[in-house]
Structure formats: C-alpha cells, structure tokens
Amino acid sequence: MFNILNLINKIIFSTGLRWLWIGIIVSTLDFLSKQYIYYNMILGCTKPIIPLLNLYYTHNYGIAFSFLSEYNFWKYCFIICVPIIIILSLLLMMYYNHSKDKFINIAYSFTIGGSFGNLQDRLLNGFVIDFIDLYIGNVHYPTFNIADIFICIGMIMIMFKTSLYQK
C-alpha cells in the first residue's frame, strides 16, 4: 500500500500533472456558471451587466462560432472525439513535463479544464451553454462561456511558449 502511495505521489508531484488542479478549478467554474445561467435565465433572453457586456443565454450545438451546428451523427462524433483526444494528449504532455515547467503546464491545464467543461456540456445536454455577449454598438462578438475563455488563454500561452523555442 505504501509503495502505491509513493508511486502516485511521485507521478503527481514530480510531473506537470502537479498543475492539473488548475484545470479542475477551471472546469468547476465553467460548470457552476453554466448551471447558474441554466436555472436563472430563459433561453434567448439578455441581461445587461455593464456597457459592452451582456449575459445572453444560448445553446451552441456546434463548435467555435456554431461551426458544425447542424446535427449529423458523424459531426457529433467528431465534436465529442476531438476534445477527448486533445485532453488525453495534453495530459500525456503534462506527465512528461517536469513540475517546474509552470508556464506550459498551466497553459495545458487551462486548455484541459476548458475542453473538459465544454465536453461535459455536450455529453450531458447535447449542446454547450454559451452566455457571455461582448459588443460595441450593434456589433456583437459571438457568444461564449468560461471554458472558451480558458481554452483561448491556454492556447495563446502554448503558442507563445512554442514560438520562443523557434527563435
């Protein structure tokens, strides 16, 4: 029993998986925010928050900007399988990274947490709940959610880190 605990301790605390707790927080925040919207807003309704920002409850049956939103079994399989592959790949990369590589492990964790949040929505509901509406005048950015924010931040961090290796 003691050897198994030592092995688990070594795997988690000496590898990049040490930073996975951040992804768990991201997916939890995403889940709680979506639950709040689901239970406190009516689909298609808007609540102004501050100038330039509304809450607008909508369902996204596709991926980014409702791409692939028309239902088709193969498209649904695609939008389920791709995040699973991404999550597993990033977990593997975290496993092979040292825990001291904070920046890239946090980037992977952000991306994992956001991907898991949207995947969880798709599996539970068949769609993703989007609710953040940014706008300037009459021009509205496509509605998004907390998971999308962290996926974007994580991917930007990954691109930044990998571009440093190119120089």
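Which residues does tyrosine 108 touch, not counting residues up to four places away in sequence? The views below, drawn from a predicted model, take up this question, and in this model local features need pLDDT of at least 70, side-chain atom pairs count only at pLDDT 80 or more, and totals for chains, interfaces and linings use all residues. Residues are numbered from 1 along each chain as its sequence is written, and side-chain values use heavy atoms, with hydrogens and water left out.

**View 1. Surroundings of tyrosine 108.** Tyrosine 108 touches Leu90, Met93, Met94, Asn97 and Ile158, where contact means heavy atoms within 4.5 Å.

**View 2. The largest nonpolar core.** This core has 18 residues, and Ile22, Met94, Ile106, Tyr108 and Phe110 have the most contacts inside it; a nonpolar core is a set of buried (under 20% relative accessible area, 1.4 Å probe, protein chains only) Ala, Val, Leu, Ile, Met, Phe, Trp, Tyr and Cys residues joined through side-chain atoms within 4.5 Å. At least two residues of this core come from each of helix 2 (20-40), helix 3 (73-96), helix 4 (102-125) and helix 5 (146-166), helices being DSSP runs of H or I with at least four residues, and strands runs of E with at least two, numbered from the N terminus. Helix 4 gives the largest share, seven residues.

Terms used. Buried means under 20% relative accessible area, exposed over 50%, partly exposed in between (1.4 Å probe, protein chains only).
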